Amino acid sequence: MSTLKVDNLLNAAGNESPISVPGAAKAWVNFNGTGTIAIRDSYNISSLTDNGTGDYTISFTNNMANGNYAVAGAARFNDYINSTVMRVVSLAGLGTLAQSMSSSSVRVSTNYSNGGIEDVQVVCVVVFGD
């Protein structure tokens, strides 16, 4: 069996290219969703937009082939009154599928179990697609 080891994977133009392996994440991001939002770490993410409380648009550096990709995520809110409590909130798409997922971006919200939307300290989103 042969082993291929590389430091960088470049496309024909000499630029970094998203990995084209079936099942591999095409984009992911971990960001602070409170105050001035900020990316902690990411892959294939060009920017974030804060659309309001718990409402974010995540833009891709390299577009997906279409808006028919899969999005998974989780978010965490730390309760500052009782610092030992961690609430886990869900990640949901805003609007219809066509409104929240395009080839260039995905719009997500962070929702608490009571249905309310809120800003949270940790938002993690992963995208699988073409």
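Visitor: How does T57 count, as buried or as exposed?
Guide: T57 has a relative accessibility of 16%. The model is a predicted one, in which local features need pLDDT of at least 70 and side-chain atom pairs count only at pLDDT 80 or more, whereas totals for chains, interfaces and linings use all residues. Residues are numbered from 1 along each chain as its sequence is written, and side-chain values use heavy atoms, with hydrogens and water left out. Buried means under 20% relative accessible area, exposed over 50% and partly exposed in between (1.4 Å probe, protein chains only), so T57, at 16%, counts as buried.

Visitor: Which side chain makes a polar contact with that of T57?
Guide: T57 belongs to strand β4, residues 55-60; strands (E, at least two residues) and helices (H or I, at least four) are DSSP runs numbered from the N terminus. Leaving aside neighbours within four places in sequence, T57 is in contact (heavy atoms within 4.5 Å) with residues including S47, L48, N51 and V106. A polar contact is a pair of N or O atoms within 3.5 Å; within protein, one must be able to donate a hydrogen and the other to accept it, and residues adjacent in sequence count only if both atoms are side-chain atoms. At 2.9 Å, the side chain that joins T57 in such a contact is that of N51.

Visitor: Which residue's backbone oxygen lies 2.7 Å from a polar side-chain atom of R40?
Guide: R40 is in strand β2 and is partly exposed, because its relative accessible area is 46%. Not counting residues up to four places away in sequence, R40 touches N30, F31, N32, Q121 and V122. The backbone oxygen at 2.7 Å is that of Q121.

Visitor: What is the bridge partner of N30 in β2?
Guide: Strand β1, residues 27-32, pairs with β2 in the antiparallel sense over 5 bridges; pairing requires that DSSP find at least two bridges between two strands. The C-alpha atoms of N30 and R40 are 5.6 Å apart, with 10 residues of sequence separation. The bridge partner of N30, however, is D41.

Visitor: What positive phi does N44 have, although it is not a glycine?
Guide: N44 is in the loop between β2 (38-43) and β3 (45-52). N44 counts as buried because its relative accessibility is 9%. In the hairpin of β1 and β2, G35 also takes a positive phi, near 60 degrees. For N44, the positive phi is about 60 degrees.
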